[in-house]
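I am keeping these notes as I read through a structure for the first time. I begin with one record, and then I go from chain to chain.

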Amino acid sequence: MTALLILFMTVLATTFAGFFAPARTTKALTLLGLVAAGVGLALDWGTTFQAFEGLYLLDPFAQGFTLVMIVGGVLALLADCDVHERRGWPPFEYYALVAFAVLGGHVMAATLHLGVVIVGLEVLSIPLYALAASRRDELGYEASLKYFLLGAVAAAIFLYGLALYFGATGGFVLGVAGEGLIYSAAVMMLLAGLAFKTALVPFHWWTPDVYQGSPTPVTLFMATAVKAAAFAAFARVLASVGLGGPVFYALAALVLLTVFWGNLAAMVQGEAKRMLAYSSVAHAGYIAVALFGPNPGPAMGYYLLAYALSTGLAFAVLTQLDEGRGVRLGELAGLWSRSPLLGLGWTVALLSLAGLPPLVGFWGKYLVFLEAARGGQYLLVALALFAAVIAAYYYLKLLAAALFARAEKAAKVTLSGSTPVGIALATLLVVLLGVLPGLGYGLFTAAAALPK
Amino acid sequence: MLLLLIVLLPLLGFVFLGLFGKRLREPVPGVLASVLVGLSFLLVVTSLLGGGASWEIADWLPGIPFSFVLDPLSGYMGLVVTGIGFLIHVYAIGYMHGDAGFSRFFAYLNFFIAMMMTLVLAGSYPVMFIGWEGVGLASFLLIGFWYTERKNADSARKAFITNRIGDLGFLLGMALLYSLFGTLSIGELREAIETSAVLPLALGTAGLLLFVGAVGKSAQVPLMVWLPDAMAGPTPVSALIHAATMVTAGVYLIARSSFLYANLQDVSYAIAVIGLVTAAYGALSALGQWDIKKIVAYSTISQLGYMFLAVGVGAYWIAMFHVMTHAFYKALLFMASGSVIHALGGEQDVRKMGGLKKHLPRTHLHGLLGALSLAGFPLLAGFWSKDAIITATLSYPFGGTGFYVAGLAVAFLTAVYAMRWYALVFLGEYKGDAHPHEAPPVMTLPNDVLAVGAVLAGFLALPEPLWNLIEPFLAPALAHVEVHHLALALEWGLIALSALVALAGLYLGYLAFTRGPLPAWYRAFQTWSSEAFYVDRVYNVLIVGPLKELALVLALFDGFLDTLFTAAAGSSAWLGERLVRLQSGYVRAYGALMVLGLVAVLVWGVLR
Amino acid sequence: MIHVTIFLPLVFGVLALLRPTGARALGLLGAAVTLVLGLFGYAAFLDGASAAYSAPLLAEAGVYYAVAWDGVGAVLMLAVVITTFLALLAARDVPPAMVGLTLMMESGLIGLLAAQDLVLFYVFFEATLIPSLLMLGLFGGAGRIRALVKFAIFTLVGSLLMLAGILALRYLGGAPSFLLADLADHPLGGVAGRWAFAAFLLAFMVKTPLFPLHVWLPDFHAENHPSGLADAMGTLYKVGLFGLFRWTLPLFPEAFALFQPWLLALAALTALGAAWTAYAQTDWKRLLAYGALSHMGVGALGLFSGTPEGAVGAIYLLAASGVYTGGLFLFAGGLHRRFGTLDLRPTSGLAKSAPGLAALGLILVLAMVGLPGLSGFPGEFMNLLGVWQASPVWTFVGFLAVIAAAAYALGAYQQIFHNAPDKPAPDLDAVEWQWGALAVLTVVFMGVYPKLFTGPLLTAAETLVAAMGGGR
């Protein structure tokens, strides 16, 4: 409950602080709020708390996923600086909107009531539409509009599913067993609506365009916090309906489609943000692999944390290079000599995304596959791992573009503000949690039992 | 430990000379190396007088000890190796005088002796193989001693590679024996084979494989091609390695393994045939050579053939007997040739020699005795041992009359080419333009010793009823074979016959190569013979060339494989391109595809 | 102490990366200390004084940080510490960062040899890839990106599928953890076992490598930094035989028996084909790559024979090849320093002006040829004894490489050092004397007194063969 309250207060405070304080203050306030929310979570860690007659359920599962969202939010705030600040970006509302989105995500994760889920979903989504356009250029508008329109379709699908669910079970609360045609349709539509947010193929279409068009810190936020929120709801729905019959095959098809599609499409991209956008699609597939296990919560949570740190780090580095047109691979050349910290962060992030030990990304992959193996899905594991080879190829391409290509122009990049802190912190965490995997995983083992 | 020292002394000489030899002034390395080999010789003598010895490291490799054994056979061979080796070391001090690589040469020679003694003393096949390959390496280094000439370097490599073909046989033979008996210790194998009932086929294969090794090392048909080229090395090398010691290692191997071959009639028969073919081939090729050393080299091939004939028929001690007499006279012939070459400033073509009898009296004497001994002139060493072999084809278990007749025919040829060599070099008029001078005493003295051996060594083992020291001495180390003794009269009759054949050959050779022109058929033969019947060229065209081509083809294939993998990987990029096309950028398309996806999910999940 | 041996190089590596000016000194110090630690570690192991250590790393998932020396790991560890020291000593004009990466690789290699937990092994195995990739990518030649992609993709296809196999092995086999001891008690058979075995096999065939998954190897070596440092480390990284020995054959005895004839054929063809292909090469590093490949084929023959002799031979050959192949790459680096090219014939008759260099080269080349008395022989010979028991025919085919080896190795050697003297070059300098002497001593010692290593290897090999259901 503390976390919810703190987040709520933060939202209010930042919304109004913007009118009489500089954006900087709002940023500090938001950061403070997010960190405080994190502390609040930590205080209640591992316990289950209910409020509003069960509408709000802060169980360890929700705590884990909220932690990931907070990490994503913090990274998005820390990495926002430099090139763009001089052009009046980000505006103060950026911080407020991020706070709103985290709040929405938290609500989505911390409930079993589908009505609350949709509220959380909208609280999460609407700020994102605004955030996508916050740079006020054509690319941003396009991204925002696409996101909004497709998001509306997805929301509609979800709502329709919700209605059917009510028809089939007579309630909005997850965990009520149902059967029959209507029930099946409801489940499928709920899942499809959430698959949009998690970016599972074939509901991923918005991802590349929106990720590429949005300001990079926003992309960072979408790839980390938003994904976590969406997966929280997705996992809860799935846990309640069970993996039997058609759902199983549908999910397996989605997962395989996603990992192959995402990776294959990523490998032919020429622009870093778009490449990472497709990679984020593929990673959604990997996260979903855990759902085939008997106890997906910890593995998913850990994967999301690992992914949030790694991809957050990668996007944070790109933020420093992006001048609003994206980052062509060639522009990465000589990164190490332009800024050693960026070079290091980039290297670590990509190797972690590629799933090489001893970095945190490896353990994320390892745990989700372990989970699926415990569920007996070896073929799925093997195929998904095979797709990871394709992924390794383009991560190497990104790495090679930055490190191994001999640079012609090597203008130094000077980092300012909170950026170096964010990048250093993320780098450190990616390595540390990779070397001592128990450290990060311990946080999530409490989230063992996902309530039905 | 004493045994170890026999090997270690020359080995230390090698290491020391290899590292610091350059800083020593000229005769020192040579003297040092000779002294070390001399010491080894004395050690062998001491150990032999002490009744043999053995030494081992257990489990050097799992299940395989590193062992040295000095029994009569290895002691006998060790005496030949270190004894002759010592003489040649001394000779080389004079021969290599002034060469830039003086100390290097002695380092290599010492290395050779160390490895050869490892081979000889080995108590198990793997240890023998260490020496076996070690002498191969020494041979490689010494053939290519004057490596700045391409021909020498190529000859060295050719020798090594050809030997390796044989070595593969040796290796596989060991593997087979190991799989049959679980040991490679020669002593244990002997016990096992003499008491076991292993399939003769398997044993035969093992024997054959080991024999392949011997064929390579001892330059038997069809792997004889490297030995003539090995003459590219300095002459003492030819004398030591490519005549007296290393090339007889194959014979030694078979004698060492006599317990195996004594039970293998078919394999023994094959060995005898190969030996005979080699003897004939060597003799025929020796007839047409123009290079003073190559004549001797082909004669070595031929004589090695005799030795294999001997082991093939089961006369192991006779083969070893011939190894010794051959070591004396062949080393003598080579070193006499070396003296001639030395005297003529490097000239090796016999057509530019002749008449050296009066310029080089001492060397002439050496050459004459060596050639006569080789030709089997009655009462000289070569006569007794060769005659023993030829007779053995009738009395030993695997022999036969055919072998006898062919052996005798080759003996005739031997006498002819021995005389040809002598006549072309020493008789007639000098045809070159150098100023021949006799070699210094450091070179002639060792030859004197060898000459004594070439004359007298035969008296160590005379036919019945006279004395025979070698057979009973070697008997404990060799397999027991049933000998069908000939009647005394017949035996001595045959001895007289072979003496006659040798004398006839010598006389005919003398007539042919000192008098007038040779008949036309001989000149045609001469062309073939001088090219050693074109075996080298045939091998190059049929084997070496295609194998080189195949290497290129394989390299190309690797490139093709690479392309294949790249294409397979590239197909994923192709697929990616296709998928990306769906990402058109139009919201309407995205929306439609999403709904399509939803419909698919619903149809699958609900209506199914 | 084992932990220090594993992680000390890493610490020095990071330090060397942070302090580029003192990198060489730091690197040498780190490698030297590790070498001493490794030697003491081996001595302690021989005395039976080295203890196993185990602590949970990810206890919930059954992953442990479990390390210990057994015969195989300890012997190979010696090869790693010696060769790394040699390499750092020999390669003096490399970019400072390479020193750091080399030490990091050393850490990974020692770790993967010590690991007693399959996931821990996997972690070290994959982690070592990172510095290796970075070295190639940062300091390689013009075609490095292509070589790098090939290297990485081949490695990852194998190892990622192996990860699936690892998971299947544990859960289908029913082992309570990924510890070797647990897994060995629950070998996996049946169809699932076959698939999992295939995945392991794929990973280790790439890393052995075996035909036809070797195509990354020549490019990897040809494109790496000419000093030979990265190549020497890359040679050590070819731990496929080790992986098969410890982590594959004992865990899938049933599947192995099924695959064995095919594997023997593949190994024999690798041995022969690679040696032959080496003959057609015109570049030192490519030649060495194919030569080493051929040896790995021979080693694989031994290992696949399923006999203790063959298994001992395979690992001994692997250890020996680490030293002499590594040494030859460094030697090629020395030639590159003199002539600025890795072409096989920058000059001829070099033995005249540089006899010391010629001697060093000859000894290393002969070790590669498998001359008895040098380090290449004992392994090759034990392989021979082992594989003959399994298949005389493939023994014959594979060991034809013995002949081909003489042809390509001596041919290449003579092209430079023999024939008419051309461009002269300076003989060994002080540093080259140092590493050369150390290399030669190692090569000779391993050839003359293999007993010190084969004893422990035999114990491990007998355990392996017993696990595979054979043995005597």
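Which residues of chain C does UniProt list for "domain: NADH:quinone oxidoreductase/Mrp antiporter transmembrane"? I looked this up, and the unreviewed entry lists residues 115–398 of chain C; I note that UniProt positions are given in the numbering used here, that feature names are shortened, and that annotations may be inferred rather than shown by experiment.

Before going on, I wrote down that this is a predicted model, in which local features need pLDDT of at least 70, side-chain atom pairs count only at pLDDT 80 or more, and totals for chains, interfaces and linings use all residues. Residues are numbered from 1 along each chain as its sequence is written, while chains are lettered from A and ligands numbered from 1 in the order in which they are written.

**Entry on confidence.** The model scores ipTM 0.93 and pTM 0.93. For chain C I found a mean pLDDT (the predictor's confidence in each residue, from 0 to 100) of 91, and 99% of the residues of chain C reach 70 or more.

**Entry on the annotated stretches.** Over residues 115–398 of chain C I read 78% helix and 0% strand, with the end C-alpha atoms 32 Å apart. Helices (H or I, at least four residues) and strands (E, at least two) are DSSP runs, numbered from the N terminus. In chain A, the UniProt annotation "domain: NADH:quinone oxidoreductase/Mrp antiporter transmembrane", from an unreviewed entry, covers residues 116–390, and over that stretch of chain A the chain is 78% helix and 0% strand, with end C-alpha atoms 39 Å apart.

**Entry on chain A.** I counted 18 helices and two strands in chain A. The C-alpha trace of chain A spans about 65 × 55 × 40 Å along its principal axes. Buried residues make up 66% of the 452 residues in chain A, where buried means that 20 or more other C-beta atoms lie within 10 Å of the residue's own, exposed means 12 or fewer, and partly exposed is in between, with C-beta atoms placed from the backbone.

**Entry on A against B.** Here 25 residues of chain A are in contact with 22 residues of chain B, two residues being in contact if their C-beta atoms, placed from the backbone, lie within 7 Å. On the side of chain A that touches chain B, α10(A) gives the most, with seven residues. That side of chain A divides into 22 nonpolar, one polar and two charged residues; Ala, Val, Leu, Ile, Met, Phe, Trp, Tyr, Cys and Pro count as nonpolar, Asp, Glu, Lys and Arg as charged, and the others, Gly among them, as polar.

**Entry on C against B.** This contact takes 44 residues from chain C and 39 residues from chain B. By class, the side of chain C that touches chain B has 29 nonpolar, twelve polar and three charged residues.

**Entry on chain B.** The domain assignment, whose bounds come from an automatic or database source, gives domain 1 (262–530) and domain 2 (539–607) of chain B, and the centres of these two domains, taken over C-alpha atoms, are separated by 71 Å. I then picked out B:Val28, which lies in helix α2 (residues 27–49) of chain B. Is B:Val28 buried or partly exposed? B:Val28 counts as partly exposed because it has 15 C-beta neighbours inside 10 Å. The C-alpha atoms of B:Val28 and B:Ser103 are separated by 8.4 Å, although these residues are 75 residues apart along the chain.
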